[in-house]
Amino acid sequence: MNYFEFYGIPEAFNPDEAAIKRKFYSLSKEFHPDFYVNDTPEKQQQILELSTINNKAYQVLSNPQKRLEYILQSNNQIAEGDKYQLPQAFLMEMMEVNETLMELEFETDEKALEETEKQVAGIESELLTELKIFTEKYDKEQNPAEKQLFLLEIKDLYYRQKYLLRIRESLNRFASR
């Protein structure tokens, strides 16, 4: 069951969040199990399943990161266990960051930690800006071929963000020492 179809809204990275909330509350009332206690066990089970789908749909569609992953999965752009090849330039930049982290592992250097933190924050900011641009273009585009091209860019940014998340976790570990 596609959550966007279930809610009767177009697939979008930046949907009308108020519409999502309204639909969730509307379906929560419609599929509330208490209203079906006198129905057949089959009908009760059906309502329970619809209520569960409604809750899952809301959890995904109301969370920007989960929504991003959901759209990419729905469009067969990402799957569990994928081995995505990040761009060489990004990997080289990350290699420098990782080398600094390895050095910090052996010798604490507050200045190097602070500089690395700023560098990573800058990269994260750039990725978020690019992601916003491509998701907005995707949402507005009508041509399926163009939408696919935007999805490829969004997929690349998604994997870069995932990589940076691991770097961020390492930085947080150093900062908490």
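Predicted model: local features only at pLDDT ≥ 70, side-chain atom pairs only at ≥ 80, totals over all residues.

Reply: Helices, as the term is used here, are DSSP runs of H or I with at least four residues, numbered from the N terminus.

The negative surface patch is formed by E93, E96, E99, E103, E107, D109, E110, E126, E130 and E153. Two elements, α5 (88-106) and α6 (110-140), each give two or more residues to the patch. Helix α5 supplies the largest share, with 4 residues.

Helix α6 is where E110 is placed. The relative accessibility of E110 is 55%, and E110 therefore counts as exposed, because the term applies to values over 50%.

The protein chain has 7 helices and 0 strands, and its elements run α-α-α-α-α-α-α from the N terminus on. The radius of gyration of the protein chain is 21 Å, whereas the globule rule gives 16 Å for 177 residues; the computed value is well over that figure, so the chain is more spread out than a compact globule. The C-alpha trace spans about 70 × 45 × 30 Å along its principal axes. As for burial, 35% of the 177 residues of the protein chain count as buried.

In summary, the patch draws its largest share from α5, and it belongs to a chain with 7 helices and 0 strands.

Terms used: Residues numbered from 1 in each chain as written. Heavy atoms only, no water. Patch = residues over 30% accessible without salt bridge, like charges linked within 9 Å, V, L, I, M, F, W, Y side chains within 5 Å. Areas by Shrake-Rupley, 256 points an atom, 1.4 Å probe, with all protein chains shown as cover. Salt bridge = Lys/Arg side-chain N within 4 Å of Asp/Glu carboxyl O. Lys, Arg positive; Asp, Glu negative; His and termini not counted. Charge placed at Lys NZ, Arg CZ, Asp CG, Glu CD. Buried < 20%, exposed > 50% of the residue type's maximum accessible area, 1.4 Å probe, protein only. Rg over C-alpha atoms; globule rule 2.2 N^0.38 Å.
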